[in-house]
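Reader: Please take me through the contacts and elements of this model one at a time. I would like each answer to end on the value or name I ask for.

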Amino acid sequence: MNIVKYSKFYFIFSGLLILTSVIFLFAWGFKLGVDFTGGSLLELKFIQKEPKISELRKEINSVLGTDFTLQESGEKGIILRAKNITEEEHQEIIDTLGGKDEVIEERFEMVGSVVGKELRRSTMIALILALFFITIYVASAFRKVSKPIPSWQYAIAALIALFHDILITCGAFALFGKFLGIEVNIPFVAALLTILGYSINDTIVIFDRLREHIVREDETFGNIVNISIKETFARSLFTSITTLLPLFAILFFGGETLFPFVLALIIGIFFGTYSSIFIAPPVLYSWIRLKEKRSS
């Protein structure tokens with residue numbers, strides 16, 4: 001197994017994915033949900049009949065006018081979004097659709113526009129702080145390693161891998177939002193933070209093995225990187241598979257509410273495993289190669 005030999009191919013592949021993701025984000029952005037834009041969301045499930053959107057739209061028109069969106073949720077559910085639904089309108093909609101004998105209210109959420117803006121700001125702060133403290137943690141954990149790579153370069157390599165995972169996941173959701181209407185809400189942010197934790201854990205395992213071999217073995221740095229990846233490869237792969245299997249089960253059977261959260265986790269964990277093996281260690285190796293070329 002010679003991972004570092006083909007470092008350029010991994011960088012080109014990941015570079016193309018990141019570039020595509022950035023283009024998607026600039027071109028389309030996210031389809032923001034009620035959590036970030038403010039407004040009301042009402043999810044209903046019909047007890048017996050399957051809802052017909054065209055008929056329901058007419059009935060809800062009589063209560064809210066035309067300023068709302070309606071979409072199916074599962075086999076017998078619907079999700080209604082509108083700028084503001086008062087409590088009177090909320091009850092009137094349920095009565096219009098058949099009352100509590102016909103529909104079950106799954107959720108009713110109301111978020112003000114000010115709260116939505118505050119949540120967007122808090123989300124950015126949470127992600128930046130998470131990345132900052134992860135960087136500090138990695139630099140601190142490897143502070144006793146100075147040759148041939150100083151500890152801060154381990155931290156930067158891990159940070160590059162994390163940006164890789166987060167950007168690709170965000171780009172995928174910009175695409176899904178544009179063509180599938182999948183919205184980004186608070187659970188998506190929770191998924192991003194979970195991806196950060198998962199990805200850095202996988203990277204740290206490889207870096208830790210690398211640190212052990214730097215001290216104990218008389219090998220070139222490229223060989224040490226390859227040996228370290230080889231020794232942890234099966235562990236990384238099986239951990240990812242055993243994590244992804246239940247996530248796929250939840251994705252298909254967990255319902256509409258969990259779908260965006262689980263989808264983000266699946267994408268993030270897949271690319272997190274990839275970056276831990278094919279991005280973070282090769283970044284360190286490329287750093288050494290660059291240093292050697294400059295000194296020769």
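Reader: What does R235 count as, at 33% relative accessibility?

Author: This is a predicted model, in which local features need pLDDT of at least 70, side-chain atom pairs count only at pLDDT 80 or more, and totals for chains, interfaces and linings use all residues. Residues are numbered from 1 along each chain as its sequence is written, and side-chain values use heavy atoms, with hydrogens and water left out. Buried means under 20% relative accessible area, exposed means over 50%, and partly exposed is in between (1.4 Å probe, protein chains only). The 33% of R235 therefore makes this residue partly exposed.

Reader: Which side chain meets R235 in a salt bridge?

Author: A salt bridge is a side-chain nitrogen of Lys or Arg within 4 Å of a carboxyl oxygen of Asp or Glu. For R235 the N to O distance is 2.7 Å, and the partner is D202.

Reader: Why does the pair of R235 and D202 tie together parts of the chain, and how many residues apart are they in sequence?

Author: Helices (H or I, at least four residues) and strands (E, at least two) are DSSP runs, numbered from the N terminus. R235 lies in helix α8 (residues 221-253) and D202 in helix α7 (residues 186-216), so the parts that the pair ties together are apart in sequence by 33 residues.

Reader: What is the relative accessible area of D202?

Author: While R235 is partly exposed, D202 is buried. The relative accessible area of D202 is 2%.

Reader: Which residues do salt bridges that share partners join into one network?

Author: The side chains of R209 and E231 meet in a salt bridge of 3.0 Å, N to O. This pair links distant parts of the chain, with R209 in α7 and E231 in α8, 22 residues apart. Salt bridges that share partners make one network of R209, E212 and E231.

Reader: How many of the residues of α9 are buried?

Author: Helix α9 (residues 259-278) reaches 28 Å from its first C-alpha to its last, close to the 28 Å expected. α9 is largely enclosed by the rest of the structure, because the buried residues number 17 of the 20.

Reader: What is the angle between the planes of F270 and F271?

Author: The structure holds 16 aromatic pairs, where rings of Phe, Tyr and Trp (its six-membered ring) pair if their centres lie within 6.5 Å; planes under 30 degrees apart count as stacked, over 60 as edge-to-face and the rest as tilted. F24 and W28 are a stacked pair, 4.9 Å centre to centre with 20° between the planes. The ring centres of F270 and F271 are 5.1 Å apart, and this pair is edge-to-face because its planes meet at 90°.

Reader: Which residues form one aromatic cluster?

Author: The rings in question belong to two Tyr and two Phe residues. The cluster is made of Y10, F13, Y274 and F278.

Reader: Which ring face does R211 lie over?

Author: A charge sits over a ring if NZ of Lys or CZ of Arg is within 6 Å of the ring centre and within 35 degrees of the ring normal. R211 is at 4.5 Å from the ring centre, over the face of F142.

Reader: What is the bridge partner of S73 in β3?

Author: Two strands pair if DSSP finds at least two bridges between them. Strands β2 (residues 68-73) and β3 (residues 77-82) run antiparallel and are joined by six bridges. Within β3, S73 has as its bridge partner G77.

Reader: Which residues of β3 are buried on one side and on the other?

Author: β3 is mostly covered, with six of its six residues buried. One side holds G77, I79 and R81, and the other holds I78, L80 and A82.

Key: The expected span of a helix is 1.5 Å times one less than its number of residues.
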